[in-house]
Amino acid sequence: MAKDHSIQLHIRAWREARDLTQQQLADAVGRDKSVISKLERGLSGLTDPVLRSIAAALGIHPGALYVPPPEGTGPVGADSTGQVGSITLPGGRSDAAPAGPLWSQGALVGDRPDLPVYASAEGGSTGMTVDFNPIDWVKRPEPLFNVKAGFAMYVVGDSMEPAYRQGDMILVHPHRPANQGDDVLVVKADGNGRHDALIKQLVSVNDDALRVRQWNPVKEFAIPRKDVFAVYVVVGRYNRR
């Protein structure tokens, strides 16, 4: 039985967002209420069957328990898929040359390091993996001031140069809807704690797939919607030193 406090801390948030009591969630997964209470307080470990049954009761992919629910999450059935992150396409252009992020190295408005930096590494099927456990904390920049669950992570690979280079730290807003032409972090999860990630420009989206663009080399390709765990908007970066 392995403990994973990063997941346990989010069980309560997801349960409350789904408007469930501890007893209701316990009944849904066939456990005693005390089991849910202990999990939410980090007093017991999570087995894989319990993790999967809790995720099923909450109507989400098991990997979604690694991060908090997005703003606007409601009871099961009130949102489309339970995915973390949202996508809207009111229109706009997606064929602009890479202009880089909306913000790059400006004033820091935080007075203490409270923005988590998540680890990323080569090795994923898409060239980059992300681990939603902080490896560092930095001061909060203006685009993420007071943004709940905002985070940063390092870029691995050169597919988005010159907009983003390996070693840059991207700033991610987890609640802002992604629009056509936005730079986004697309995350795919396998349900076992592994998350493959891509930094791309969002070209279009439909019920079946997201279409994205990269710059090095320039090309477009589709990602099946069923494989997408989250779509986060990139709002800035720290240049690598």
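Author: Start with one definition. A residue is exposed when its relative accessible area is over 50%, and buried when that area is under 20%. Keep in mind that this is a predicted model.

Reader: Take aspartate 19. Is it buried or exposed?

Author: Aspartate 19 has 60% relative accessibility, so it counts as exposed. It sits in the loop between helix H1 (5-17) and H2. The phi of aspartate 19 is near 60°, a positive value in a residue other than glycine.

Reader: What is the overall pattern of the protein along the sequence?

Author: Count the elements, then read their order. The protein has four helices and nine strands. Along the sequence the pattern runs α-α-α-α-β-β-β-β-β-β-β-β-β.

Reader: How many of the 241 residues count as buried?

Author: The share is 47% of the 241 residues. The protein exposes about 11,500 Å². Carbon and sulfur atoms supply 48% of that area. Contacts tell another part of the story. Among those between residues at least 6 apart in sequence, 65% join residues at least 24 apart.

Reader: Now a helix. Which residues of helix H3 are buried?

Author: First the general idea. An α-helix has 3.6 residues a turn, so residues three or four places apart point the same way. Now the case. Helix H3 covers residues 33-40, and Ile36, Ser37, Leu39 and Glu40 are buried in it. Look down the axis of H3: these buried residues fall within an arc of 165°, so they line one face of the helix. Just after H3 comes glycine 42, with a positive phi of about 70°.

Reader: Which residues does glutamine 22 touch?

Author: Leave out residues up to four places away in sequence. Glutamine 22 then touches Arg15, Lys33, Ile36, Ser37 and Glu40. Ile36, Ser37 and Glu40 belong to the buried residues of H3. Glutamine 22 itself lies in helix H2 (residues 22-29).

Reader: Why does glutamine 22 count as buried?

Author: Use the cut-off. Buried means under 20% relative accessible area, and glutamine 22 counts as buried because its relative accessibility is 18%. Its side chain also makes a polar contact of 2.9 Å with the side chain of glutamate 40.

Reader: How many aromatic pairs does a search of the whole structure find?

Author: Two numbers describe each pair. A pair of aromatic rings is described by the distance of the centres and the angle of the planes. The search of the whole structure finds two pairs. One joins tyrosine 118 and phenylalanine 151: it is tilted, 5.0 Å centre to centre, with 45° between the planes. Tyrosine 118 lies in strand S1 (residues 108-121) and phenylalanine 151 in strand S3 (residues 151-154), so the pair ties together parts that are 33 residues apart in sequence.

Reader: What about phenylalanine 151 and tyrosine 232: what kind of aromatic pair do they form?

Author: That pair is edge-to-face, 5.4 Å centre to centre, with 85° between the planes. Tyrosine 232 lies in strand S9 (residues 230-238) and phenylalanine 151 in S3, so this pair ties together parts 81 residues apart in sequence. Tyrosine 118 is buried at 11% relative accessible area. Phenylalanine 151 is buried at 2%. Tyrosine 232 is buried too.

Reader: Next, the core. Which residues touch the most other members of the largest nonpolar core?

Author: The general idea is this. In soluble globular proteins, nonpolar side chains tend to be buried together. Here the largest nonpolar core has 22 residues, and Ile170 and Leu185 touch the most other members. Strands S2 (129-141), S3, S4 (169-173), S5 (183-189), S6 (195-205) and S9 each supply at least two residues of this core. S9 gives the most, with three.

Reader: One last feature. Which residues does a cis peptide bond join, with omega about 10°?

Author: Those residues are glutamate 161 and proline 162. Proline 162 is in the loop between S3 and S4. Another cis peptide bond joins asparagine 216 and proline 217, with omega about -5°. Proline 217 is in the loop between strand S7 (209-215) and strand S8 (218-224).

Technical notes:
Residues numbered from 1 in each chain as written. Predicted model: local features only at pLDDT ≥ 70, side-chain atom pairs only at ≥ 80, totals over all residues. Heavy atoms only, no water. Buried < 20%, exposed > 50% of the residue type's maximum accessible area, 1.4 Å probe, protein only. Arc of directions from axis to C-beta. Polar contact = N/O pair within 3.5 Å; in protein donor to acceptor, adjacent residues only side chain to side chain. Contact = heavy atoms within 4.5 Å. Phe/Tyr/Trp six-rings, centres within 6.5 Å; stacked < 30°, edge-to-face > 60°. Core = buried A, V, L, I, M, F, W, Y, C linked by side-chain atoms within 4.5 Å. Areas by Shrake-Rupley, 256 points an atom, 1.4 Å probe, with all protein chains shown as cover.
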